Amino acid sequence: MEAASPKDNSVASSPFSSLNISALLKIKILSWSQETGLPASIRVRLGDRIFCLHKLPLSSKSRYFNRKLNDSTEVELPQDFPGGLEIFEKITLFVYGSSTLVDPFNVAALRCAAEFLEMTEEYCSGNLCERFDLYLNQVVLQNWDDTLIVLQKCQTLLPWAEDLLIVSRCIESLAFMACMEILDPERRRDRPVLTLEPLASSAWNCKSVKEFVSQDLWVKDLIALPFGFFKRIIASLRRQGMKEKYVSPMIVFYANKWVISAKALQFRQNSGEIDCDTNVEDKVSTILHGILDLLPTGEKSSRIIPVGFYFAMLSKSLELDSRSEIKSKLQDQIASLLPLAHAGDFILPKSRAESVCFSIELATMESIISTYVSFDLDMNHTPSTSNSVVAELWDAYLANIALDPKLGPQRFMELIEAIPLSYRQSHDNLYRALNTFLQAHPDASQEEKTRVCKYLSCQKLSQEVCINAVQNELMPLRLIVQALFIQQLNTHQAFKECSDSFRYAHCGEFSGSLSSSKCPYSKSQNLGESPFAEDAEPGRRPLSALLQKDHTIQGSDMPEKEYESTSFRIQTLEQELASLKRSLQWQNISKRTELASNKVQNVKPFGLENRSMSRRKNPLGQKTGCIGSVTFATQRKYASRLMKIFRRITLFGGRKTRKKSGATGPRTRPI
């Protein structure tokens, strides 16, 4: 496993391994033969090595050898002998009376080998089992680094280390020392314990999390352990009373290193946990499932674990094609925490040849949104700030995927409708998504543009975005005219809220911009209440005049190109509306002529009948939309009004109005 800190570089080998144990053993055997005059008649085979030893020292210390040598002079040890050749040589040195070099790197293997050879205190006083247990309890388990070394060495000694409770003792010791690190009774810590609160303020980033973890080496040590040991330490920490706000971060950091990180596979290969016959994806998927079982659920998780972590885990589960129950569990958890997410947390489709609409990532995000909406509807929630946040996040996500030219208008409309329109208190992000979609689909027809943009309400656009919509040639004509109306209505509202003295005395200082960023008018606003009507009170200026004044006072705030673009766009709209009016007039004349020929006896003056009909269908004071209607006469009426409006729009001079002749005089009109 990858080293957790510089000290871990020594985990691979003992600092005493350079001693030539084999040479020392040969000297001891030769000395014993010379002292006793007995030959080395016992042959012990371990792997490819054969040891020629004496029966007496082996039988006096080991019940195993005493039993095997009763009727034979040859003993073959199993291939999985704990610790292998090196450990057997050290055990044999002890048998011949030499002192055994014990350290944290070999004590676990020596203890397991002594247990295998039955070198217990009951068989012989002062035997190896008792000595190694004392070393473990009094030396190793009192020190954090030594305990970690022994626990890591136990990976190759299973199940012996488990049966002798070496693993359990190490885990309990590490958990206890971790709790003491949190409590810090001696006040040795110079910084607070790591929690996940600083990570909740931004989207999930594996590199940032790795740098964050490096602040506490004891956490870094724990997350370097194999998952089997790690989950037992987590259970012990909770059993010993550590608070969840300190336990959960370790689980999250472990998942970030071994599951989420792009280097997770490299870490596992370096750790030696994965051999050539192991399916890496199955191994990571198993750990992912185990991590989910360790994490808290419900309200606890919402206060501790950032939702970006669950998004990262879900993305990895999609990549690994994990079981459906794992993905479903993650999706439900994300849906319950969705208002706390960031736009960067949402899972984007991978770069593939097929279209975005068929990607598993987009289908998963749709499922999460659907789950959230279902939860909200089941709880009978009224529109809230959380719903507005989710809507803005979804619209920002749509702006990212709208770049795909293969994403059709109908599919894009379905994605917009995934969030109810009532959730959207602001349409700024929706406008950006629509603008991106139209840029990626330059060949879209006017009908398709109108259908896609029908969800956009200019009344919910900020002032800056609304002005941008007016200048955007990709938007349909209906939306641009609506944006112009909303701008004028809001300008009129700003003047109306001011006192008459302020309005007339300081007109030159007022730029016409709103203090509020959102349009205050509701959907019930109609043309009859607009300042563009013929009976509008004097002193009110159209939007173009206010923009002209604002540009004069604050010339550096808006570039000249934007005014030129707006002027050109308005001139184009004026020409289109004039053409529309002429067409409507010719159609009206043709219709009246045909009607007059059929009903000669009921002929009325030209235009009078239709004007009467228009009044009956749209009586004074009736609420209508700011654009459009279904009757022919009403269309003609609104076209006339629009012409009067655009005649008054003068961005760069060229047309002037006559000064007012008096307070009671008639209102002047532009020439």
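Which helix does F176 lie in? Select helix 9, residues 166–183: F176 is there. Helices are DSSP runs of H or I with at least four residues, numbered from the N terminus.

Before going on, some ground rules. This is a predicted model, in which local features need pLDDT of at least 70 and side-chain atom pairs count only at pLDDT 80 or more, while totals for chains, interfaces and linings use all residues. Residues are numbered from 1 along each chain as its sequence is written, and side-chain values use heavy atoms, with hydrogens and water left out.

**Stop 1: the ring pairs**

Color the aromatics. Rings of Phe, Tyr and Trp (its six-membered ring) pair if their centres lie within 6.5 Å; planes under 30 degrees apart are stacked, over 60 edge-to-face, the rest tilted. That rule gives 18 aromatic pairs. Select F230 and Y254: their centres are 4.2 Å apart and their planes at 15 degrees, so this pair is stacked. F230 sits in helix 12 (residues 227–239) and Y254 in helix 13 (residues 244–260), so the pair ties together parts 24 residues apart in sequence. F230 is buried at 1% relative accessible area, and Y254 is buried at 0%. Buried means under 20%, exposed over 50%, partly exposed in between (1.4 Å probe, protein chains only).

Next, F309 and Y310. This pair is edge-to-face, with 5.7 Å centre to centre and 65 degrees between the planes. Both F309 and Y310 are buried.

Then select F51, Y64, F65, F81, F88, F116 and W160 together: ring pairs link them into a cluster.

**Stop 2**

Most residues other than glycine have a negative phi, and most peptide bonds are trans. Go to L158 and P159. The peptide bond between them is cis, with omega near 5 degrees. P159 is in the loop between helix 7 and helix 8 (160–163).

Now E118, in the loop between helix 5 (107–116) and helix 6 (128–138). E118 is not a glycine, yet its phi is positive, about 60 degrees. L165 also has a positive phi, about 65 degrees, without being a glycine. Find L165 in the loop between helix 8 and helix 9.

**Stop 3: confidence**

Color by pLDDT, the predictor's confidence in each residue from 0 to 100. The protein's mean is 75, and 68% of its residues reach 70 or more. Finish at residues 600–632, where pLDDT is below 50. Beyond near neighbours in sequence, this stretch has 44 contacts in the model (heavy atoms within 4.5 Å).

How values were computed:
Helix = DSSP H or I, 4+ residues; strand = E, 2+ residues; numbered from the N terminus.
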